[in-house]
Amino acid sequence: MFSSRLDWNVAANPIAKLLLEKRARGVEILDLTESNPTAAGFEYPADMVNALADPRSLRYEPVPAGMPVAREAIADYYGQIDASRIIVTASTSEAYGFIFKLLADPGDEVLAPRPSYPLFEFLSALESVRVVNYPLRYHGSWSVDFEALAGRITARTRAIVLVNPNNPTGSFLKQAELARLVEICRGRDIALVSDEVFSDYGIAEDRERVASLIGVEEMLTFSLSGLSKIAGLPQLKLGWIVTSGPSELRREAFDRLELIADTYLSVGTPVQWAAPSLLASRGYIQSQIMERVRGNLAFLRDQIGPASPWRVLTVEGGWYTIIQAPRIRSEEDWVLSLLAEDQVLVQPGFFFDFETEAFLVASLLTPASIFREGIRRILSRAE
C-alpha cells in the first residue's frame, strides 16, 4: 500500500532501547552526544528574540526565491556575492531535496562521503535517487580517496556531495582536493554540492583549507548553509543555496530552483524579516560555541597521552570528536557497556558508516563538566 521509498527499518536499536529504559527509571545519564546548541547551555542575545517580533511578518507576500531582505542578509554574510545567486530554503535538508529534484531523474546517482552524517540515504530515497559512497581515508588527517571516487562515477552520476567540514570527521576540503574535483567533474555534467553548515567553526587556521565553494566558476556548484549552525538556531528553519559556476548555466539552474521553490513556498515570513538581525548576532553565540569546542577538545587531548590505548583523531572543524577505542570489544559493545555500567552515552562509528572499528563519536558542544566526567569514565575502562 505504501511507497517503497519509505521501506526503512524504524525499529529501535539496542542502544536506543537501553537509553529509553534508563531514562524511564530516572537514571542520570552523562550525554556526550548533545549536538543541539539550544540545549547545550549557551546564552542567546535578546536581539535574536526581538527580531522575530517584526510587525511586517503579519503580511504574507511570498517570494519563491526568498524575500530580498533575507537574501541580501545572506549575501552580506558571505561578503562577496550577489543576492541573485541565492535561493532561500527551510533547511539544508530541503535544499538537498531541491537540488536532487533539479539534477536527477529517478534511478540517477549522487556520490556522498563515507563516513558522514547518516542523512543522505534518506533524502535521496525520497527523491528516488541512489547514493553511492566514496571513502574518506585517515592517515593522521582525513582526505578524499580520489581513486575510489573516480571508479564510482557512472553515466548516471549527477552530483558529488561534499560536507565541508565533514560531520563527524571535522575535516575540511583542501585546495588541491578541490582542484582535482573540478578536473573530474568538468565536462561530465556532474555538479558539486557543498554542505558548509559548519564552515564558521574551524578550530585552527590552515591556508590550504577551502572555507566555501562559492567562488567556483568552472562548473555548476551549490553551496548550502543555514541558521541552524551559523547562528545556533536550528528551530528557526532558515537555510539557503548559493549557486555558482558558468554564468549561463548558473542562471538556468537558479531559474529551475526558483520554480521548485515556488511549488513549496516553505520558508516562513517572520524568520526572513529577522534574518539580518539573526545573522548580525551570530558572533555572540559562535564565540561561546568555539570556546566550548576548543576547551573540551583540549581537555580530551590532555587526557590521552602517547602510552594510552585510546587515540583522538585529528579534527579541523565542526562540533564533534572521534575517539579510537581499544579493539578489545566491538563499537556496539563499547557503547552499550559505557551506557549500562558508567551511565555515559556516546555514538558508535557505525552510525556514521565508518568502515572499520572501533570508533566512538562525542559532541564537543557538551557542557564542560559533563564532558570531562564522561571522558574520565570512558578512559578509565581500559587503563
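This is a predicted model: local features need pLDDT of at least 70, side-chain atom pairs count only at pLDDT 80 or more; totals for chains, interfaces and linings use all residues.
Student: In β14, which residue is the bridge partner of I323?
Tutor: Strand β11 covers residues 320–324 and strand β14 covers residues 359–363, and these strands pair in the antiparallel sense over 5 bridges. Within this pairing, I322 stands opposite V361. For I323, the bridge partner in β14 is L360.

Student: Which residue stands opposite L360 on the side of β13, given that β13 and β14 pair?
Tutor: The pairing of β13 with β14 is antiparallel and runs over 2 bridges. In that pairing, the residue that stands opposite L360 of β14 is P348.

Student: Which strands stand at the edges of the open sheet?
Tutor: The open sheet has 4 strands in the order β10-β11-β14-β13, with antiparallel pairing. Two of these strands have a single partner each, so one side of each is left without a neighbour in the sheet. The strands at the edges are therefore β10 (311–312) and β13 (347–348).

Student: How many of the residues of β14 are buried?
Tutor: From β14, F359, V361 and S363 point one way, whereas L360 and A362 point the other way. The residues pointing in either direction are all buried. The strand is thus described as mostly covered, and the count of buried residues is 5 of 5.

Student: Which elements do the buried residues of α10 pack against?
Tutor: Helix α10 spans residues 269–280, and its buried residues are T269, V271, Q272, A274, A275, L278 and L279. One of the elements that these residues pack against is α3, a helix of residues 68–78 that has buried residues of its own, including I74 and Y78.

Student: What is the distance between the closest N and O atoms where R130 forms a salt bridge with E109?
Tutor: This salt bridge is one of 15 in the structure. The pair links distant parts of the chain, with R130 in strand β4 (residues 130–138) and E109 in strand β3 (residues 109–114), 21 residues apart. The closest N and O atoms of R130 and E109 are separated by 2.8 Å.

Student: Is E109 buried or exposed?
Tutor: A residue counts as buried when its relative accessible area is under 20%. R130 has a relative accessible area of 48%, so R130 is partly exposed. The relative accessibility of E109 is 9%, and therefore E109 counts as buried.

Student: In which helix do both E252 and R256 lie?
Tutor: The side chains of E252 and R256 meet in a salt bridge, at 3.2 Å from N to O. An α-helix has 3.6 residues a turn, so residues three or four places apart point the same way. E252 and R256 are 4 residues apart, about one turn of the helix, and both lie in α9.

Student: In which helix do both E373 and R376 lie?
Tutor: The side chains of E373 and R376 also meet in a salt bridge, here at 3.9 Å from N to O. E373 counts as partly exposed at 29% relative accessibility, and R376 is partly exposed with a relative accessible area of 41%. These residues are 3 apart, about one turn of the helix, and both lie in α13 (residues 368–379).

Student: What distance separates the C-alpha atoms of R250 and E217?
Tutor: R250 lies in helix α9, which covers residues 247–264. Not counting residues up to four places away in sequence, R250 touches R85, L220, T243, S244 and G245. R250 and E217 are 33 residues apart along the chain, and their C-alpha atoms are separated by 9.3 Å.

Student: What radius of gyration does the protein chain have?
Tutor: The secondary structure of the protein chain comes to 13 helices and 14 strands, and its C-alpha atoms fill a box of roughly 60 × 55 × 50 Å along the principal axes. With 383 residues, a compact globule would have a radius of gyration near 21 Å. The value for the protein chain agrees with this, at 21 Å.

Notes:
Residues are numbered from 1 along each chain as its sequence is written. Side-chain values use heavy atoms; hydrogens and water are left out. Contact means heavy atoms within 4.5 Å. The radius of gyration is taken over C-alpha atoms; the globule rule is 2.2 Å times the number of residues to the power 0.38. Two strands pair if DSSP finds at least two bridges between them. Buried means under 20% relative accessible area, exposed over 50%, partly exposed in between (1.4 Å probe, protein chains only). A salt bridge is a side-chain nitrogen of Lys or Arg within 4 Å of a carboxyl oxygen of Asp or Glu.
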